[in-house]
Amino acid sequence: MKVALAVTVMVVVAFAVPLGLVIKEMARDRAFTNAERQAAAIGTSLSITTDRAQLDRAVASTQAGAAGRLAVHIPASPGAGPTEIGTGRAATKDLATVQRVPRASLTEVPGGFALLQPTAISTGQIAIVEVFVPEGEVTNGLATAWLILAGVGAGLVVGSVAVADRLGVRMVRPAQRLAHAAHELGEGKLGARVPEDGPTELKSAAIAFNSMADQVVQLLANERELAADLSHRLRTPLTVLRLNTASLGDGPAAEQTRAAVAQLEREVDTIIRTAREAKPQTQPAGPGAGCDASEVVRERMEFWSALAEDEGRTVRLAGVDRPVRIPVARPELVAALDALLGNVFRHTPEGTAFSVDVHNGDDAVIVLVSDAGPGIADPEAAMARGNSGARDGSTGLGLDIVRRVAESTGGDVRIGRSVLGGTEVRVWIGLDGWRGPSEGRRRGHRVKRRRLRAQH
């Protein structure tokens, strides 16, 4: 903008100042040309006659003469004195100079200029026609012309600055967005992307940045998938092995097997804990994302039902007869359900009944996992991250995984007493802002939420 301002001002000055001077000269020439034309009209009469009466009528017939700005100076002749017609303003010496050197002259007089035009008369002498040109006529229209020039120049300057500003914004804003997105990506906000617009070079940079960010997200997603795969593939078989080792009885071989399984489970727990603690902070799921909670619950319950049958556990499943969409990725919900069901098998005796209920509300989905076990003495301490890690067979991250899933949707996790007599873990998954309800509907949903919380 500064460069455009400087260049435009220089161009305007370079053209406007000379043009203004030319306009001034043109106005001056126009005024003096008009005066010469009127002097020539009187000169024609002088060449014919020097009679005063006729000359008076000729002077009065002109525009300058009628306005009192024209005079005729006739020198003295044999038998007659000098004749002065009209109001003269020129000095005597100027008149004498023109008579001596018969050449048109322009002299400055009070209030303007006087044009002295010599004319030969019949007596052979030189008469002088004087036309007064006021100062205002010399500068007539000059102020308007200069104002127009100034306005045009100011318009050009403002226009050039505005165009430079738009061009600068077109270049600067994409660069600022790229820098901002780079800072966000560096802070762990993996959803940061840059609009692929602007100049060609910055557009290429934006495309490269977005491609890099996608690759980073993909790499981290692969890492998370690996951790989830370890969790799904290793923890569940290890739980089954640990439970089966209880039936091996006593003896060195049995103890050695149980010790090996416990050591393997600790190693797997270490891997899972490390992967979970390094979990990247991604953006919340947007519209159209998520999964069917009913389908996932049915699938995981089918997986755990085989082990439940072996241990003589009674299982009840409710609320999964129709699709229930939630804003949680399928792998996240699977990990949360496996953590809750794994806790039931791990921390309750064989034969303990449990149930899973899914309640679908207008603004939330509640998943209840209940059991008939001994319950949790201190639910608040159990929700503290890493607290359960001191217990055998626990990574300390099971309930924390569930809590993260719920809080990512604006919900929460609460532990209470179940109707079966044991522990009830209530996972509240929020739907507000995902289905996009109106403000009025959201108020109604909050009332329903409070009622639903009161029931559970």
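This dialogue explains how to read several features of the predicted model shown above.

User: What should be settled about the model before its features are read?

Analyst: The model is predicted: local features need pLDDT of at least 70, side-chain atom pairs count only at pLDDT 80 or more, and totals for chains, interfaces and linings use all residues. Residues are numbered from 1 along each chain as its sequence is written, and side-chain values use heavy atoms, with hydrogens and water left out.

User: How is pLDDT to be read, and where is confidence lowest and highest in the protein chain?

Analyst: pLDDT is the predictor's confidence in each residue, from 0 to 100. Where it is low, the predicted coordinates should not be read in detail. The protein chain has a mean pLDDT of 79, with 84% of its residues at 70 or more. Helix α13 (residues 439–455) has the lowest confidence, at a mean of 41, and strand β9 (residues 354–360) the highest, at 94. The pLDDT is below 50 over residues 435–456, a stretch with 26 contacts in the model beyond near neighbours in sequence; contact means heavy atoms within 4.5 Å. Residues 388–396 also stay under 50, and for these the model has 18 contacts beyond four places in sequence.

User: How many helices and strands does the protein chain have, and how are they assigned?

Analyst: Helices (H or I, at least four residues) and strands (E, at least two) are DSSP runs, numbered from the N terminus. The protein chain has 13 helices and 12 strands. Of its contacts with a separation of 6 or more, 64% are accounted for by residues 24 or more positions apart.

User: How can the geometry of a helix be checked, and what is the span of α6?

Analyst: The expected span is 1.5 Å times one less than the number of residues. Helix α6 (residues 142–186) has 45 residues and reaches 64 Å from its first C-alpha to its last, close to the 66 Å expected. The bend at a residue is the angle between axes fitted to the seven residues ending there and the seven starting there. In α6 there is a kink of about 25 degrees centred on Val-169, and the helix is followed by Gly-188, whose phi is positive, near 95 degrees.

User: How is burial judged, and which residues of α9 are buried?

Analyst: Buried means under 20% relative accessible area, exposed over 50%, and partly exposed in between (1.4 Å probe, protein chains only). Of the 456 residues of the protein chain, 39% count as buried. In α9 the buried residues include Val-296, Val-297, Arg-300, Met-301 and Trp-304. For α10 (330–347), 14 of the 18 residues are buried, so this helix is largely enclosed by the rest of the structure.

User: What is a nonpolar core, and which residues have the most contacts inside the largest one?

Analyst: Nonpolar side chains tend to be buried together in soluble globular proteins. A nonpolar core is a set of buried Ala, Val, Leu, Ile, Met, Phe, Trp, Tyr and Cys residues joined through side-chain atoms within 4.5 Å. The largest has 40 residues, and Ile-326, Leu-333 and Val-427 have the most contacts inside it. Its largest share, nine residues, comes from α10. Among the residues that Leu-333 touches are Cys-291, Val-296 and Ile-326. A second, separate core of 22 residues includes Ala-35, Leu-55, Ala-58 and Ile-85.

User: Is Leu-46 buried or exposed, and which residues is it in contact with?

Analyst: Leu-46, in helix α1 (residues 2–48), is buried, with a relative accessible area of 0%. Beyond four places in sequence, its contacts include Leu-55, Val-72, Ile-74 and Val-129.

User: Where is Arg-313 found, and what does its side chain reach?

Analyst: Arg-313 is found in the loop between α9 and β7 (315–318) and is buried, with a relative accessible area of 7%. Its side chain reaches the backbone oxygen of Pro-349 at 3.3 Å. Arg-313 also touches other residues, including Ala-308, Val-344, Phe-345 and Phe-354.

Note on methods: Polar contact = N/O pair within 3.5 Å; in protein donor to acceptor, adjacent residues only side chain to side chain.
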